[in-house]
Amino acid sequence: MEAPGDPADRRSLRDSARRLFARRVIRFPILLLLGGAITLLASSYVQANYIELCRRLALFPSRCAPVTLRTAYSVGLGVAGLAMLIFGPIVNSIYHLLRYGQAWESSRVETAISNYPLLAGVIYLSGAAVLALA
């Protein structure tokens, strides 16, 4: 009989978590929410220090005015959405190439997997639009 803290228990828990995150239906929303949370935390930091950053980087430091938290969130999500639309497919293609190698006989049709970064970018941009218009 195995003790409760056995390495076999931890291994089975790790294997079940690996199987769970291997499913794209589970992994995509979790990564999307994680990226959104990181973006919102970074936006909160920038909003708190915005006047200093603006005065340091602006051509006309006298025009720096404080921004609301909602404005900072909408700009942050907009930047994250544009970054995902531009750089997401590139990073995804390089990752796929490094992990699986070049398929010698492949179709020229994009797979659904390559469209996930685009979908994440559209979701971030729509979130930014909702925050900006609310």
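S43 is buried, with a relative accessible area of 7% (buried means under 20%, exposed over 50% and partly exposed in between, with a 1.4 Å probe and protein chains only). The model is predicted, so local features need pLDDT of at least 70 and side-chain atom pairs count only at pLDDT 80 or more, while totals for chains, interfaces and linings use all residues. Residues are numbered from 1 along each chain as its sequence is written, and side-chain values use heavy atoms, with hydrogens and water left out.

S43 belongs to helix α2, residues 24-48 (helices are DSSP runs of H or I with at least four residues, numbered from the N terminus). Beyond its neighbours within four places in sequence, S43 is in contact with A72, Y73 and G76, contact meaning heavy atoms within 4.5 Å. A polar atom of the S43 side chain lies 3.4 Å from the backbone oxygen of A72.

T39 also lies in helix α2. T39 is buried, with a relative accessible area of 14%. With neighbours within four places in sequence set aside, T39 is in contact with G76, L77 and A80.

Next comes a pair of helices. Helix α4 (residues 69-100) packs with helix α5 (residues 116-133) at an angle of about 165 degrees, the axes being 8 Å apart. Axes are lines fitted to C-alpha atoms, for helices over the stretch in contact, and angles run from 0 to 180 degrees between N-to-C directions. The two helices α4 and α5 are therefore roughly antiparallel to each other, a term for angles over 145 degrees. In the contact of α4 with α5, 16 residues are nonpolar, seven polar and one charged.

Notes:
Parallel < 35°, antiparallel > 145°, perpendicular 65-115°, else oblique. Nonpolar A, V, L, I, M, F, W, Y, C, P; charged D, E, K, R; others polar. Polar contact = N/O pair within 3.5 Å; in protein donor to acceptor, adjacent residues only side chain to side chain.
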